[in-house]
Amino acid sequence: MKPENRTDVVALFGEVLADVFPDQSVLGGAPFNVARHLQAFDLHPVLISRTGSDSLRDALLEEMVRLGMEVAGIQCDIECATGQVQVILENGSHHFDILPDQAYDHICAEATQEVLAAIRPRLAYFGTLAQRSVKSRLAAERFLQTCDCPVFLDINLRGPWYDKATITSSLNAADIVKLNEEELAVVAEVFGLDHLTHQAQAMALQQRFGLKQLVVTCGASGSWLLDEWQQVTQAAPARTGQPVADTVGAGDAYAAVFILGLLSQWDAPTTLQRASDYAAAICQVRGAAPASTAFHQPFRVAWNIER
């Protein structure tokens, strides 16, 4: 791995797992999904996670190599299996049954630091699910302490795998936070803000935790951003006119393009609209990301991304 001289590195920490649909299994996990979207848009994601020594690990490494992704951060556990999640599809939406004690619950802090010593990321990404165990929580803390760059928290609350302590420490570590309306309501209740409007909740959280940006996705109603001056930017939802296959990974797609916008210095309205458009397109394919990189070409052309 020789990315130390690159200026487009994004470090990501967290779970890699298989999303098990009724008819197939698809590699997923929010950090992995975000990483492969970033790769498709010519950034250099370095994902730190842990898998079992099993066929899912082989499939993951094969896919990452196919996509040109860095694999040095993928640790191997000889005792625990690669993570799995049962995806239950109902009425055009979905929910998850996340199995306990998976390989990503045993991410090693020392190995994490070794990988980070070789890179200089422009941005660090993490969430809450991979902090559900003590060992991976300590590795996440090492990750955040070692990365000398802005920190992006995609909170991704997955019940019952979070608590007030994890939410608080994660918000304290973050500069930029992304969450959906339902997650905003949960966080607001945790901190006694549930009597306020959504925007007032966001402002209170921004002040309490010193956040530079807080972005809220609202599904079919679009999204909005609260900046460090407490100015609100709103974006309408994308209107593709195409049928929805499923909504798995839409939030990860949104997060990836939002990060791309940050690092490319797009203005706020452009970033929000492009993130919304891309997330809507992801909803037209099964799973969290398309198998073919040709999917990304219209966006690359429209956004003037050169290969």
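Leu153 stands opposite Val177 in strand β10, and that pairing is a handy way into this structure. What you're looking at is a predicted model, where local features need pLDDT of at least 70, side-chain atom pairs count only at pLDDT 80 or more, and totals for chains, interfaces and linings use all residues. Residues are numbered from 1 along each chain as its sequence is written, and side-chain values use heavy atoms, with hydrogens and water left out.

**Strands around β9**

- Strand β10 covers residues 176–180, and β9 pairs with β10 in the parallel sense over three bridges; two strands pair if DSSP finds at least two bridges between them.
- Going from β9 to β10, the chain passes through helix α5 (residues 164–173), and this β-α-β crossover is right-handed. Right-handed means that, with the strands pointing away from the viewer, the path from the first strand over the helix to the second runs clockwise.
- Strands and helices here are DSSP runs numbered from the N terminus: H or I with at least four residues for helices, E with at least two for strands.
- β9 also runs parallel to β8 (residues 123–126), with three bridges joining them, and Leu153 is the bridge partner of Phe126.
- A right-handed β-α-β unit is made by β8, helix α4 (residues 134–146) and β9.
- Is strand β9 (residues 151–154) buried or exposed on its faces? Both faces are covered: Val151 and Leu153 on one side, Phe152 and Asp154 on the other, are all buried. Buried means under 20% relative accessible area, exposed over 50%, and partly exposed in between (1.4 Å probe, protein chains only).

**Another parallel pair**

- Strand β4 (residues 44–52) runs parallel to strand β5 (residues 74–77), and four bridges join them.
- In this pair, Gly52 sits opposite Asp77 of β5.
- Helix α2 (residues 55–66) carries the chain across from β4 to β5 in a right-handed β-α-β crossover.

**Empty space**

- Rolling a probe the size of a water molecule over the atoms shows where empty space is left.
- On a 1 Å grid over the protein atoms alone, a cavity is a set of points where a 1.4 Å probe fits but cannot get out, while a pocket is an open set with protein on both sides within 12 Å along at least five of seven lines; lining residues have an atom within 4 Å of a point.
- The whole structure has one cavity of 30 Å³ or more, and the largest cavity holds about 40 Å³ of space. Grid points are joined across faces, edges and corners, and a volume is the space filled by probe spheres set on the points.
- Among the residues lining the largest cavity are Phe13, Tyr125 and Asp154.
- The second largest pocket has a volume of about 340 Å³. Its lining has 20 residues, and Ile176, Gln213, Gly261, Leu262 and Leu263 lie nearest its centre.
- Which element gives the largest share of that pocket's lining? It's α8, with four residues.

**Loops worth a look**

- Gly159 and Pro160 are joined by a cis peptide bond, with omega at about 5 degrees, and Pro160 is in the loop between β9 and α5.
- Gln230 isn't a glycine, yet it has a positive phi of about 60 degrees; you'll find Gln230 in the loop between β12 and β13.
- Glu228 lies in the loop between β12 (223–226) and β13 (232–235), and is partly exposed at a relative accessible area of 45%.
- Gln265, in the loop between α8 and α9, counts as exposed at 72% relative accessibility.
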